[in-house]
Amino acid sequence: MLQYLFRRLLIAIPSLLGISVILFTVLALAPGDPFEELATNPAIPPEVRMALRASLGIDDPVHIRYFRWLTAMLQGNWGFSFVSRVDVDQLILQRLPVTLVVIGLSQVLALAIALPVGIMAATRPYSIFDQVANTLAFVGFSLPTFFTGLLLILLFSIHLDWLPFVYRAQIDASGWQWWWQHIKQSIMPIMVLGLFQGAAWTRFVRSAVLDVVRLDYVTTARAKGIPERRVINRHVVRNALIPVVTLVALQMPAVFGGAIVTEQIFRVPGIGSLLISAVLANDTPVIMAVTFVFACLVIFFNLLADVIYGWLDPRISYN
Amino acid sequence: MGEDDLRQMIGRVKNGSLSRRGFVRRMAALGLTAPMATQLLAISGAGSAQAQSVPAYRPTRRGGGGALKVLYWQASTLLNPHFAVGTTNQDSSRVFYEPLAGWAADGTLHPILAAEIPSLENGGLSADGRSVTWKLKRGVKWHDGQDFSADDVIFNWEYSRNAAVAAVTSGSYRDVNAVKVDDHTVRVEFAQPTPFWADAFVAATGQLIPKHLFQAFNGANSRDAPTNLRPVGTGPYRFSSFLPGDMLRGELNPNYHMNNRPFFDTIEVKGGGDAVSAARAVLQTGDYDYAWNLQVEDDLLKRLEAANRGRVNIVEGGGIEFVQLNVTDPNREVDGERSHISTTHPAFSDPAVRQAMALLIDRNALEQFIYGRGGPATANFLNNPPRFTSPNMRWEFSIQKANELLDAAGWVRGRDGIRAKNNVRLRFIYQTSVNAPRQRTQAVYKQAAQRAGIDLELKSVTASVFFSSDVANPDTFTKFYADMQMYTTTMPQADPQRFMNQYVSWEMSTRANSWQGRNIVRWKNDEYDAAFRSAESEIDPIKRAALFIRMNDLIVGSNHIIPLVKRPTVSGSLNNLRHVLSGWDGTFWAIQDWWRET
């Protein structure tokens with residue numbers, strides 16, 4: 001086991017290096033620079049922009065910039081944003097709580113929908129409930145989040161005027177009022193993300209349970225006279241959930257990565273909106289840091305999923 | 001009417017034998033607009049322009065106005081005005097920091113930390129144009145209680161021009177010399193006579209930061225100053241919190257140096273999202289008081305306004321959407337460089353073709369069907385402030401006239417309907433950035449040109465490429481490897497000197513200057529060059545205005561530049577919000593004067 005872990009971690013190093021090289025080159029090849037806005041402003045002489053570029057080291061060759069970035073990163077220095085001149089790790093940490101709450105809750109919501117609905121649908125295949133659940137699930141994951149987001153805003157904010165559609169991370173209230181306002185403004189983004197994810201997972205849980213429910217040992221359990229409820233919970237769901245756990249684990253990096261589109265629509269100050277504004281401003285250190293952290297998380301959770309898989313299913317060994 | 005008559009009349013206004021109103025009326029009879037006439041009085045010292053430039057402030061006590069909530073669809077990322085790359089950051093710094101003076105909507109200066117605007121009359125301006133003396137307001141305190149003085153002003157000059165600091169504002173400070181006269185007087189000295197003296201310490205780039213908090217960071221460690229993110233200024237609001245890229249909050253400054261100001265107890269500037277939903281949050285749901293820069297179709301804005309909660313503000317500035325007809329040949333390579341200044345364009349070198357091109361764009365249709373209130377048609381390149389507006393230019397849309405012109409010049413239609421002469425076909429590549437109104441304008445132009453036997457090949461380039469300064473990319477607007485191109489150019493100050501340098505011969509965009517030159521159309525005209533040189537050192541404001549008007553007439557008259565529509569700034573606000581906006585300065589340039597009618 002330990003040997004396996006060690007081997008996987010060793011393999012992760014070259015892949016992370018490869019990812020960072022690709023990211024860095026793509027960013028270096030992309031047109032534009034963080035001082036584009038200065039270029040069209042006649043009040044700022046071009047020399048000033050040139051001096052700024054030089055002072056931030058943007059004019060150096062790509063490979064030199066890459067190694068500078070890499071050595072700094074290895075020493076734990078993530079660099080600073082060209083645009084805000086703030087350390088990148090600070091920027092990311094500022095955004096983390098909101099991202100974890102909003103995206104995390106949406107994943108919880110997705111699970112809370114997908115598990116019961118998927119299991120119910122699978123235990124009564126082709127019943128009315130199953131048909132309705134299937135239809136809704138298809139509708140749910142066919143509608144992109146930017147569309148459902150706008151739809152919810154139109155309905156709940158503009159026509160009914162119930163919910164605000166501009167998210168405010170800091171609220172001047174205390175006690176239950178503070179909670180209430182936070183809940184009110186988070187409902188829509190959480191719903192949009194949760195329902196989308198939930199719809200996809202419902203389909204997945206259904207098919208996983210359906211695979212298991214037909215197996216002989218389930219029939220045996222039923223034949224022994226074990227109550228149906230217990231058969232489902234103990235014998236079917238436990239086994240069916242193994243692939244679901246993997247899927248959910250692989251989804252976890254996304255919780256940290258934020259949701260770019262939804263955050264933009266509701267103005268949620270999460271990591272997704274940090275990334276998109278950095279991309280638009282050609283703010284290389286921020287883009288590098290966010291995407292690199294994201295890559296690390298994907299690799300880490302992949303490993304975690306594999307380990308959990310073996311723990312849930314003892315038939316899998318790591319030799 | 002000549003310059004002498006004008007002078008005599010202004011003299012009569014000054015000594016009282018002619019009323020200001022009478023002067024304006026006479027000028028109107030001569031075809032000069034009222035704002036232009038008023039400004040002529042103002043700049044020659046005979047008018048009280050400052051009193052008119054900012055609307056009256058009614059509240060009779062400080063505070064009590066509740067919260068002011070502002071939406072920006074671009075979020076601010078830092079709060080040091082010397083590092084502010086774009087308008088968003090300049091604006092959010094402006095909530096806390098103030099310059100000596102700001103630019104009012106009519107293009108005149110309005111004092112903020114200055115006791116008065118320097119002029120020849122009050123001795124602030126030297127007669128030779130080599131220095132300007134600013135008297136500072138007394139009794140101004142920084143938010144932390146320290147006194148504001150001339151040392152702070154001088155420090156900003158030192159800080160900005162320090163190369164190690166890498167300040168974005170250094171362009172305004174590196175060529176001037178600032179001297180402390182006494183604790184409340186500062187003199188800015190210029191190497192040459194400088195008629196446009198109001199750059200250093202004025203408006204967005206003139207916001208002043210406190211010496212006592214920044215002096216330890218005047219160097220390569222400038223990034224480490226804690227005050228970069230926790231500003232301590234002199235402004236009407238004190239800092240309360242800031243999340244870069246998201247939200248900025250401030251609270252009333254109880255020691256603000258202007259009476260009864262500010263009106264609001266707190267201010268909140270929320271960033272991010274998109275312009276359409278920002279417009280909705282103000283005009284439709286009324287959740288926010290003010291939404292910045294609403295680049296939204298006018299039809300939609302009108303529909304939102306119908307909710308009767310808010311209104312759209314159109315503020316005139318100098319921005320203009322225009323077409324350039326290349327002077328050089330983009331298809332011939334000289335020393336590995338296309339559009340080389342030694343070449344001439346095979347078709348556009350014929351004035352008849354250029355004139356026909358100018359006749360073929362229907363500006364009325366652009367205004368009516370594409371830009372709405374956000375793009376009034378214009379015949380001038382230099383449109384504002386009114387004192388610089390040329391009355392001589394007219395525009396016309398006539399396909400018939402264009403056809404006649406081309407026929408007369410010998411451009412004959414071929415079998416495919418496209419005109420040609422001496423193997424030169426009137427077939428042009430017309431490029432612009434990807435942007436819905438621009439693509440629609442291209443289509444309108446193409447259709448009309450077709451009817452005159454000119455074929456336009458439309459090309460659109462992603463904005464981030466088109467407007468980049470990437471030397472390796474052939475599609476940037478500064479390279480201009482096309483026959484014609486279209487974009488908007490903006491005027492950052494109420495003075496046209498940095499705007500009209502776009503057509504002087506020494507600013508040509510070439511490979512030698514990495515295409516950084518401002519003269520992108522590569523036009524060369526000796527009279528224009530001479531006029532610009534004299535405007536650079538002409539101290540007399542009336543003569544100088546006449547020079548800029550002449551420059552406008554020269555470049556527009558050449559038809560190498562075809563002005564289309566003006567681009568005023570469009571914003572949205574609640575009906576009861578009384579704000580003070582200006583097209584020549586940031587949104588918050590007079591935030592201390594904002595209040596709410598109840």
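Of the 319 residues in chain A, 33% are buried. Keep in mind as you read on that this is a predicted model. Chain A holds 13 helices and zero strands, and it meets chain B in a contact that takes 40 residues from chain A and 43 residues from chain B. Below is a short tour of the fold of chain A, the chain B side of the contact, and a few backbone spots to look at.

**Chain A as a whole**
- Read from the N terminus, the elements of chain A run α-α-α-α-α-α-α-α-α-α-α-α-α.
- The C-alpha trace of chain A spans about 85 × 60 × 35 Å along its principal axes.
- Among the contacts in chain A with a separation of 6 or more, 71% are between residues 24 or more positions apart.

**Where chain B touches chain A**
- The contact draws on 43 residues of chain B and 40 residues of chain A.
- On the chain B side, at least two residues each come from helix H7 (170-173), strand E7 (237-243), strand E8 (247-252), helix H9 (275-284), helix H15 (463-466) and helix H16 (497-500).
- H9(B) gives the most to this side, with four residues.
- By residue class, the side of chain B that touches chain A divides into 16 nonpolar, 18 polar and nine charged residues.

**Cis peptide bonds in chain B**
- B:Arg261 and B:Pro262 are joined by a cis peptide bond, with omega about -5°. B:Pro262 sits in the loop between E8 and strand E9 (266-271) of chain B.
- Another cis peptide bond joins B:Asn384 and B:Pro385, with omega about -10°. You will find B:Pro385 in the loop between helix H12 (363-371) and helix H13 (399-408) of chain B.

**Positive phi outside glycine**
- A:Asp161 is a residue other than glycine, yet its phi is positive, near 60°. A:Asp161 belongs to the loop between helix H7 (145-159) and helix H8 (175-213) of chain A.
- Is A:Asp161 buried or exposed? A:Asp161 counts as exposed because it has 12 C-beta neighbours inside 10 Å, and the cut-off for exposed is 12 or fewer.
- In chain B, B:Asn308 is not a glycine either, and its phi is positive at about 65°. The loop between helix H10 (298-305) and strand E11 (310-315) of chain B is the place to look for B:Asn308.
- B:Asn308 is exposed, with 8 other C-beta atoms within 10 Å.

Key. Residues numbered from 1 in each chain as written. Chains lettered and ligands numbered in written order. Predicted model: local features only at pLDDT ≥ 70, side-chain atom pairs only at ≥ 80, totals over all residues. Buried ≥ 20, exposed ≤ 12 C-beta atoms within 10 Å, placed from the backbone. Contact = placed C-beta atoms within 7 Å. Nonpolar A, V, L, I, M, F, W, Y, C, P; charged D, E, K, R; others polar.
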